[in-house]
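The report below walks through one structure for a reader who is new to it. Please look at the sequence and the model first, and then read on.

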Amino acid sequence: MAAVVAFVSQKGGVGKSTLARALAREAAAGGLRVKIADLDTQQGTSVDWHRQRLAAGIEPVVSVEAFATAAQALGVANGYDILIIDGPARTSQATLDIARAANLVVQPTGASLDDLRPAVREFHALAKAGVPTARLTFALNRIGTPAEEADARAYLEEAGYSVLAGCLLERPAYRQAQNGGHAITETRFSALKERADALIQSLIDRVTE
Amino acid sequence: MADVSKLKKASRLGPPPAAEEASGNLAAPEIAPAPTATASPYRRRDMRSARRTNRTLPFATRVSPEFDERIRAIAERDGLLLVEVMERALDAYEAQRS
């Protein structure tokens, strides 16, 4: 049975696809059979990124497939070592199905209260529906300063949820990397690459706990 | 210097939402419903006969002078429109074939 890691959020642009791709890239580089299930059929961002990556001939090849429903995506999990669910930019009944099936549910969030408050409410809803909070974690993205990271981390922990170690900074270099079909762990800038590596490593550590 | 890191500093962001403030989005359907028209758009009243009878398509064809003479004679005699004669002729044709 594949490990299932799901990236969910009620918002767009928080980093679901960014983290899904980076995790998939690292898993594929480590020799695992990995599949990204892109559930945002209205945008298909990871599908587009995959096309870009194939066109640019970037190794390792990461498999991305679009699925209309969570059930369809979960149905193919057995063929892989790790199934990465790149959720749509809204939560629904399917989010609960995904959360129940996933080993880890990651909700990326920015550091503003406008991002943090609704993000906490989404996890509250999953917790209330019976998903163990140990399987829910936040990932901090688009962070400006260490103080901003610390404040956001403290806020989320106070709400009762874990936050992955490390964070992604707000940097054009990450966007540039992804524009070219790369993952953020493949950026040319070594300091940013290290940060991305550290965040993905803490994610992998959580999945294998 | 004393290590005060374990003492809690007041959060600059304020308290996070309480558990009772859980979102209601998990009840939303997986596939977002397409927007439905709540009120039908205003349709202007139009008493023209073409609209009333739904005879709105242009239907041009070439006919022989004899056919033209026949159909117009029938229309005039029975007080019908040319289209009414053709409709009846088609009905009769279909009735005969069935």
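A:Phe123, A:Phe138 and A:Tyr161 form one aromatic cluster, where rings of Phe, Tyr and Trp (its six-membered ring) pair if their centres lie within 6.5 Å, and where planes under 30 degrees apart count as stacked, over 60 as edge-to-face and the rest as tilted. This is a predicted model, in which local features need pLDDT of at least 70 and side-chain atom pairs count only at pLDDT 80 or more, while totals for chains, interfaces and linings use all residues. Residues are numbered from 1 along each chain as its sequence is written, chains are lettered from A and ligands numbered from 1 in the order in which they are written, and side-chain values use heavy atoms, with hydrogens and water left out.

Over all chains, the structure holds three aromatic pairs, and two of them are set out here.

| Aromatic pair | Centre to centre | Angle between planes | Arrangement |
|---|---|---|---|
| A:Phe123 and A:Phe138 | 4.5 Å | 45° | tilted |
| A:Phe138 and A:Tyr161 | 5.9 Å | 80° | edge-to-face |

A:Phe123 belongs to helix H5 of chain A and A:Phe138 to strand E6 (residues 136-143) of chain A, so their pair ties together parts that are 15 residues apart in sequence; helices (H or I, at least four residues) and strands (E, at least two) are DSSP runs, numbered from the N terminus. A:Tyr161 lies in the loop between H6 and strand E7 (162-169) of chain A, so the pair of A:Phe138 with A:Tyr161 ties together parts that are 23 residues apart in sequence. Both A:Phe123 and A:Phe138 are buried, as is A:Tyr161, buried meaning under 20% relative accessible area with a 1.4 Å probe, protein chains only.

We turn now to the interface. Chain A contributes 29 residues to the contact and chain B 21 residues, contact meaning heavy atoms within 4.5 Å. Between them the two chains bury about 2,100 Å², 57% of it on carbon and sulfur atoms, this being the accessible area (1.4 Å probe) that two parts lose on being put together, summed over both. In chain A, the residues that lose the most area to chain B are A:Arg90, A:Arg121 and A:Tyr155, together 24% of what that side buries.

Across this interface the rule finds two salt bridges, each a side-chain nitrogen of Lys or Arg within 4 Å of a carboxyl oxygen of Asp or Glu. One of them joins B:Glu21 to A:Arg121, with the closest N and O atoms 3.4 Å apart.

Terms used
Buried means under 20% relative accessible area, exposed over 50%, partly exposed in between (1.4 Å probe, protein chains only).
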